[in-house]
Every structure is written in C-alpha cells, then in structure tokens.
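Me: I would like to go through this structure feature by feature, with the general idea stated before each case. Please start with the backbone.

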Amino acid sequence: MAEKPRRASLADSLRRWIPRQSILGRILFPLIEERRSLPAVLTWLGIGIVIVFVFIAIASPLLAPWDPYAFVDGPDVPPWTNAPVLANSTYFSFSPTPWMNMTAGQAIDGRDATSRGINDTVVVSSFLLRVFRDAVTNVSYVILLDGRATTPGHYLGVEWSADGGATWSPRTAIRTFNQFVRVDLTPLRSWNLASVEPGRFSLRFTHLADTNTAGQVALNYAAFHVVWLSFWHLMGTDPVGRDVFSRVLVGTGTSLQIMAIGVFAALLVGFPLGLFSGYTGGRIDKVLVLVMDSLYAFPGLLLAGLIAVLIGKGVVNIGLAVTVIYIPLYFRATRSHVLSAREELYVEAARALGAKPGRILWRYIAYNVLVAIPVIFSLSAADAVLTAAGLSYLGLGVQAPTADWGLDLSAAASRISVGIWWSSFFPGLVIVILTIGLSFLGEGLNDIVNPVLRRERS
Amino acid sequence: MARGSSLLAYALTRAILALPMLFILLTAVFVVLRILPGDPILALWGGRTPPPDAVERARVQLGLDQPPIVQYLTYLRNIFTGNLGISIGEQYRGTPVWSQIATRFPATVELAFGGMLVASLVGIPLGVVAGANRDRWVDLGVRLYGTIIWVIPIFWLGLILQLVFGVWLRWLPANGRWTGVDTPCAPPSTCRFQTGMYTVDSLIEGNLGHFATAVSHLLLPSLTLGLVLSGFFAKTVRANMLRTIGADFTEAARARGVPRRAIIYRHAFKNALVPVVTVLGLQFAILFAGAVLTEKTFSYQGLGILLLESITSKDMTMIQGVVVFYAAIIVLISLAIDILGASIDPRIRL
C-alpha cells in the first residue's frame with residue numbers, strides 16, 4: 001500500500017529553525033512528538049500553569065477588581081456572598097453642655113457621663129462608622145444607663161437626627177438600667193449611605209425626672225449600629241477589609257520576583273562553581289564539596305531567614321537570601337553531570353585533537369550539562385516559592401503592607417480558630433497551584449531530557 | 001568479631017570526617033551573624049532607632065568591639081567549652097541560653113519523631129504499593145500524591161487540619177503544646193527521671209490519661225509535618241522498589257517459584273528500605289525547617305518558636321545559640337544515619 005504523503009507537522013516546521021541536537025531541540029522535539037506520553041502531558045500542564053501565573057503577575061494591576069492596599073469593605077466578609085456587616089461606633093464629638101465626663105460615656109470603662117440638672121441636654125455626633133456601600137439594612141442606637149449612679153425617678157430622653165441636627169425625632173424615654181437598650185430605627189425612614197456618614201447622624205440626650213427632686217442620671221455607653229450588605233468578593237475580605245482576590249493577584253508578582261531573583265542568582269553562582277570544581281577536581285573540589293554539602297544539610301529556611309533579617313526585607317533582599325539555599329543544589333547537580341560527562345569518549349576525543357581546556361569545558365561539557373538545568377531550575381523554583389512564602393509566614397520575609405501570599409496567610413492565620421478560613425485558604429491555594437505547576441514541569445522535563453529513563457519506561 | 005570492629009572503625013572515620021562539617025557550619029553561622037553587610041544589632045531593631053546605651057551595652061557584651069579574628073576565636077572557644085552565653089533579650093534576659101534550649105528541645109524532638117512516624121506509616125506502604133504495581137493507576141496516583149503533597153506549604157496544610165479537626169469537628173485540640181499545671185511529672189507527682197517529652201513522661205509516670213492528652217496535642221502537628229514528608233518517602237521507596245524488583249536476586253527468586261507476594265515483601269521491599277535510610281539523613285534539614293513552620297502554625301513551644309521569639313526580641317546570643325545548636329544536631333544526626341546505614345548494609349563500609 002502506497003504511503004499517503006504526510007502533512008507537515010508542527011515538529012517538521014520547527015525542525016527547519018531549531019537543530020534537533022541543540023539544547024532547545026532536545027527538550028522541544030520530544031515534547032511535541034510524544035505529547036500524549038505522561039511526562040509530556042505533565043510538562044505542558046506545568047508550562048501552562050506557569051504562563052498563566054506570569055500573565056497574572058504582569059497584568060495584575062488591570063485584573064484586580066479592587067485596590068489591593070485599601071480597606072474596601074467590612075472585615076472578614078465571606079466569599080461568594082453579600083454578607084451583612086455590622087458597623088458599630090460610639091460618638092467622637094459632643095456639643096458644649098452641663099453634662100460632665102462626656103468622653104467617659106463613650107465606652108464601658110467604669111466611669112459615666114453624668115448630669116445633675118434636670119433638662120440638661122447634650123448633642124453627640126461623629127459616629128465613625130465604616131460603611132462602604134449604600135446598602136444599609138438596619139439602623140439602631142444602643143444606650144446603657146448606670147443604675148447605681150442614677151437617682152431613682154431620673155431617666156434619659158433620647159432624640160435622633162439623620163440630617164446633622166436640622167430635624168429631630170420625637171423623644172424616647174429610656175428607663176431601663178444596667179442593660180443595653182437597643183432602639184431600632186430601620187422602619188422609621190429610608191436610610192442611605194449619606195444619612196449615616198459621620199456628622200450626619202446625631203443623638204440628643206436630655207436628663208428627665210418624674211418629680212422635680214434633685215438627682216443625677218449616669219450614661220455609661222451610647223453607640224450607633226448600622227448593618228449593611230457588603231460588596232460581593234470572589235475570595236472574601238481579610239481581617240482588615242481588603243479584598244483577598246486582588247491581593248492574591250498582586251501577590252503573584254511579589255512571589256515570582258523573589259523566586260526569579262533567588263533561582264537565577266543561584267544558577268549564576270552554582271553552575272560555574274560546579275563546572276569548575278567538577279572539571280578540575282583535586283583539593284579545591286574537595287573543599288568546595290564539603291562546604292556545599294554542609295550548607296545543604298542545614299535547614300535552608302533558617303539560614304535564609306537569618307540572612308534576610310540582617311540584609312533587610314525588600315523583595316530583592318529576600319530573593320538574595322533565598323539564593324543561599326539553592327547554590328549548593330546547582331553546584332551538586334552541575335558537578336555530578338560534569339563528572340560523568342568528563343569521562344565520555346567524545347571529550348577524550350576532543351582532548352586528543354588538542355582542544356584547549358576552556359573549549360572542552362564549554363563546548364563539550366557545559367553544553368551537555370545545560371540540558372539538565374531546566375529540570376533543576378523548575379524544581380528549585382517550586383521550592384523557592386515555598387521558601388519565600390515560609391519566610392513571610394514566619395515574619396522574616398517581605399514586610400506589610402506588600403501584597404504577598406505568605407504574609408497575607410500569616411496575617412489571617414489567627415482567624416482560623418473562629419472559623420474564618422477564606423482569608424488564609426486562598427493565598428495558600430495559589431501557592432499550591434503554582435508550586436504544583438512548577439514541579440510538574442520539572443518532573444516532566446526530567447523524564448524527557450533523560451533518555452535512559454524514557455527508554456526504561458517504553 | 002571482625003564485623004563489629006570494622007563497623008567501629010567506620011564509625012570512628014565518619015566521626016572524624018564530621019568534624020570539618022561542624023566547623024564549616026559554625027563558621028557559616030559566624031559569617032552570617034557578624035561579617036555580612038549590616039550591623040546585627042541595628043538590623044535586629046528593624047530600622048527603628050535603638051536607644052544608644054542599649055546598642056553600646058550589647059556591643060560590649062557580645063565582644064563586637066574586638067577585631068573579627070578575636071571574635072571568631074572567642075566564639076569557637078565558647079562553643080567547644082559548652083558556653084552558649086547569657087540571653088540579652090527582653091524576654092529571657094539574664095537566663096543562660098543553654099537552659100532555654102534544654103527546656104524547648106524535648107518538644108521539638110517529640111514533634112520530629114511524630115512527624116517521622118506519620119511519614120513512615122503513610123509513605124512507605126504507598127511507595128511499596130506503587131512500586132509493585134508499576135505504571136498502573138495506583139502507581140500514577142501515588143506519584144501524583146507524592147508530587148502534590150510535597151509542594152503543599154506546610155503551614156497551609158496545618159491551618160486546614162486545624163480548621164477541620166480542631167474548629168469544625170472539635171475532635172482534637174487545635175492549638176499548641178499541652179500546657180498547664182498538671183502536665184506529666186509536674187511537682188505533685190514523682191518520676192524517677194524526666195525527659196520533658198510529655199508522651200514519654202506520662203508513660204514513666206504510668207498515667208494513661210496523661211498519655212492520651214499528650215498524644216492528642218501532638219497529633220495534629222505531627223500529622224501536618226508527617227504528611228508533607230510522606231510524599232518524599234513514597235517517591236523514594238517507590239524508586240528503590242523499582243530497582244530491587246528489577247534486580248537479579250528477585251529474578252532468581254521468581255525463577256525458583258517464590259510467590260509474588262513473598263518476592264515483593266521479602267526480597268524487594270526489605271532491600272528497598274536500605275537506601276531510604278541513607279537518603280533520610282539529608283531530609284533532616286527539611287524536617288527541621290518544616291518543624292519551625294509547624295511550631296509556628298500550632299503555637300507549639302519548641303526550638304523553632306524560641307528562635308523566632310529571639311529574633312523578634314532582638315536577642316543576639318539566643319539566636320546564635322539556637323542556630324549553633326541546630327548545626328550541631330544536624331551534624332550528629334547525619335553521622336548517626338551514616339553509621340546506621342553502614343550497620344544495615346555492610347557494602348557501604350567497603
């Protein structure tokens with residue numbers, strides 16, 4: 001049967017531009033030709049994930065729905081919902097008045113605001129509520145009168161105004177002592193954001209009495225409660241009301257920068273050192289191996305943490321601190337590849353032909369070792385992301401308010417104990433996705449550039 | 001007795017070879033803390049201006065006013081005479097660094113052992129099953145598990161376990177090491193000796209109720225640390241299983257008609273475990289780093305928390321002491337693992 005002329009595949013057209021035996025070719029051709037095999041699938045998956053993350057890192061200012069550094073909503077808003085948020089504030093200013101200790105009436109601190117004269121009035125305002133959305137669902141004020149310090153028969157009259165004191169409501173008498181009295185104002189008018197802004201809402205207190213005997217009334221606490229519906233957030237908000245999703249997006253850049261600096265710097269130091277040490281051998285090699293093995297045996301996170309404390313906490317500094325962990329890794333991997341490549345026949349042939357050591361080292365050894373680098377590169381990149389996140393989690397990495405996954409996770413970690421999981425779960429989840437992508441890439445490439453492993457498999 | 005003496009000789013050689021490693025690590029600690037750009041005392045204040053007298057006092061106390069070589073020799077002499085110095089931080093000011101390390105170390109040992117136990121119980125069976133069923137679905141599943149669990153941030157896994165078992169289900173205490181007045185061997189009860197490890201102490205005391213409490217507090221942190229390490233265990237055991245299943249001696253057993261189950265467990269599995277022991281030695285660095293993160297996640301009062309506390313309280317001597325202690329422990333462990341490996345597999349000694 002005559003063979004049908006095959007259509008030119010992607011690999012065919014690539015072959016014209018990329019030589020099969022070049023470094024890129026040795027990785028790219030198996031990836032395309034055996035794309036159905038498990039290693040190739042893993043590799044493509046990894047490449048896809050990494051590309052998405054790089055895209056997010058670059059485009060995050062455009063993608064982020066909220067300002068990642070601003071307090072845009074109530075704290076601890078759950079994901080996927082418009083949650084009711086309780087804004088609760090006491091007053092921060094009051095009118096000139098015969099009332100005494102007005103500031104002490106703001107909080108339960110054991111002291112009271114008191115009035116000795118019947119019909120003494122005071123207007124309190126500036127309730128510093130944080131209401132971010134014009135979706136007020138419930139409005140009330142809360143009063144606590146101190147029964148021990150109040151003369152029997154004396155009580156408090158309260159009026160409220162939602163327009164800065166221009167109009168006042170009818171007076172409500174508060175005769176309940178020693179427990180919080182909550183007066184619901186929701187049905188009394190329509191409420192919008194403007195009417196609950198600081199200064200717009202005021203309360204007027206009047207000292208009242210049943211009989212005209214002297215006595216005092218003691219106000220322990222007065223506050224304004226507004227319940228409003230939060231905005232909708234994909235991943236909720238963090239404990240101070242920042243949008244978790246936006247911070248996760250912007251944090252991608254931080255993480256990738258630290259990773260890139262750490263891994264590239266380690267490559268730049270570890271690779272030449274490994275080449276040199278493995279090729280020359282001798283005493284220098286022994287000493288270098290000992291030093292690198294010792295560094296490798298030490299918990300990298302602690303070493304990087306110490307260095308980070310000393311050299312400062314910028315993104316670049318953390319990247320450089322992380323580097324220390326990976327230099328031994330590149331050194332060991334490069335050196336072991338050099339040791340096996342050094343004994344190959346083609347190297348001996350080159351030596352016999354009179355090639356200079358520099359040329360042998362670069363053209364015949366380094367070139368072959370370089371193929372193994374992408375594998376170590378992506379595996380150490382995955383580890384570097386984890387290390388950087390771990391450093392921030394321990395408080396030794398980048399500093400607030402930088403958007404960083406580890407830092408956000410650590411700031412929200414204490415909320416886990418009250419069941420608020422989203423503000424630490426999602427930053428961790430993206431770390432997992434990125435590191436899984438990088439390690440799929442590394443392990444897939446490992447099988448692909450290592451023909452012995454591939455042959456065993458088939 | 002030839003075998004015993006050669007093992008002893010091997011152990012001695014390894015011990016002598018371990019000295020340069022210890023020396024290099026101690027030097028690295030010194031270099032990082034004293035020589036690297038940045039004044040350690042100023043750095044610890046994190047950009048804020050420290051009171052001048054505090055800086056001067058710390059500088060003299062630490063001998064930082066002397067030339068580096070003198071500092072280095074003093075540092076080495078102090079360490080080899082077992083003098084880790086006196087804390088200069090706010091929290092433990094005036095107490096010997098050594099005593100703080102001694103109270104915290106048992107907690108970390110307990111955690112590390114728990115983690116290793118979980119990792120072995122989960123990782124080794126998974127690796128064996130995967131290796132015995134190469135390229136089947138089980139194998140693929142175990143490899144995926146190994147890859148994924150290994151790159152999960154340990155603190156994130158810890159928080160999730162805390163959330164599920166501590167907060168939602170309320171099965172286990174979500175936080176911290178067992179603290180309180182009635183911990184095992186606390187004053188009213190009498191123990192012949194005390195280790196500081198609550199699980200061990202409660203057994204010495206003979207109090208099973210205490211033992212259960214100690215284990216329940218240890219369970220979540222150990223599970224966190226152990227699950228992450230189990231991914232690595234599973235992958236290593238699997239790779240070694242593949243090698244031993246393909247080896248000549250398993251082939252020979254198969255030719256003799258030994259049943260498959262016996263081949264896998266008696267021939268392949270037992271031989272696959274030997275290289276795992278040697279690889280373990282390198283993983284202790286990761287175990288300790290993981291332990292620091294786990295301790296922080298569960299507020300578990302071990303060495304890692306002590307180090308973090310000393311960094312925040314700007315306690316130079318304590319930082320140096322803890323890091324030096326870590327270095328010494330790591331050298332000792334890698335030595336012990338080497339000797340253990342050699343005693344299991346005589347070929348290593350050759």
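Me: In which loop is A:Pro401 found?

Reply: A:Pro401 is in the loop between H10 and helix H11 (405-412) of chain A; helices (H or I, at least four residues) and strands (E, at least two) are DSSP runs, numbered from the N terminus. This is a predicted model, in which local features need pLDDT of at least 70, side-chain atom pairs count only at pLDDT 80 or more, and totals for chains, interfaces and linings use all residues. Residues are numbered from 1 along each chain as its sequence is written, and chains are lettered from A and ligands numbered from 1 in the order in which they are written.

Me: What is the peptide bond from A:Ala400 to A:Pro401, cis or trans?

Reply: Most residues other than glycine have a negative phi, and most peptide bonds are trans. The bond from A:Ala400 to A:Pro401 is cis, with omega near 5°.

Me: Which phi value does A:Asn101 have, and what is phi for A:Asn178?

Reply: For A:Asn101 phi is near 55°, positive in a residue other than glycine. A:Asn178 also has a positive phi, near 65°. A:Asn101 sits in the loop between E1 and strand E2 (113-115) of chain A, and A:Asn178 in the loop between E6 and strand E7 (181-184) of chain A.

Me: Why is A:Asn101 partly exposed, and why is A:Asn178 exposed?

Reply: The class rests on a neighbour count: a residue is buried if 20 or more other C-beta atoms lie within 10 Å of its own, exposed if 12 or fewer, and partly exposed in between, with C-beta atoms placed from the backbone. A:Asn101 has 14 other C-beta atoms within 10 Å, so A:Asn101 is partly exposed. A:Asn178 is exposed because 11 other C-beta atoms lie within 10 Å.

Me: How many bridges join E5(A) to E8(A)?

Reply: Two strands pair if DSSP finds at least two bridges between them. Strand E5 (residues 154-161) and strand E8 (residues 202-209) of chain A run antiparallel and are joined by 8 bridges; A:Val158 has A:Phe205 in E8(A) as its bridge partner. E5(A) also pairs with strand E6 (residues 172-174) of chain A, in the antiparallel sense, over 3 bridges. There, A:Gly157 stands opposite A:Ala173 in E6(A).

Me: Which strands of chain A pair with E1(A)?

Reply: Strand E1 (residues 84-94) pairs in the antiparallel sense with strand E9 (residues 217-229) of chain A over 7 bridges, where A:Val85 stands opposite A:Trp228. E1(A) pairs with strand E3 (residues 121-127) of chain A over 3 bridges, again antiparallel. A:Phe94 has A:Val124 as its bridge partner in E3(A).

Me: How is a helix pair such as H4(A) and H7(A) read?

Reply: Two packed helices are described by the angle between their axes and the distance between the axes. Axes are lines fitted to C-alpha atoms, for helices over the stretch in contact, and angles run from 0 to 180 degrees between N-to-C directions. The axes of helix H4 (residues 244-280) and helix H7 (residues 315-342) of chain A come within 5 Å and cross at roughly 35°. The crossing of H4(A) and H7(A) is right-handed; a crossing is left-handed if the near helix is turned anticlockwise from the far one by less than a right angle, and right-handed if clockwise.

Me: Which domains make up chain A?

Reply: Domain bounds come from an automatic or database domain assignment. Chain A is divided into domain 1 (24-68 + 237-457) and domain 2 (84-229), whose C-alpha centres lie 59 Å apart.

Me: How many residues of chain A are in contact with chain B?

Reply: Two residues are in contact if their C-beta atoms, placed from the backbone, lie within 7 Å. By that criterion, 36 residues of chain A are in contact with 39 residues of chain B. On the chain A side, helix H5 (282-297), helix H6 (300-311), helix H10 (373-394) and helix H12 (422-449) each supply at least two residues.

Me: How many helices and strands does chain B have?

Reply: Chain B has 13 helices and 0 strands. Of its 350 residues, 42% count as buried.

Me: Why does B:Ala214 count as buried?

Reply: B:Ala214, in helix H9 (residues 208-245) of chain B, counts as buried because it has 23 C-beta neighbours inside 10 Å. Leaving aside neighbours within four places in sequence, B:Ala214 is in contact with B:Trp178, B:Pro184, B:Tyr198, B:Thr199 and B:Ser202.
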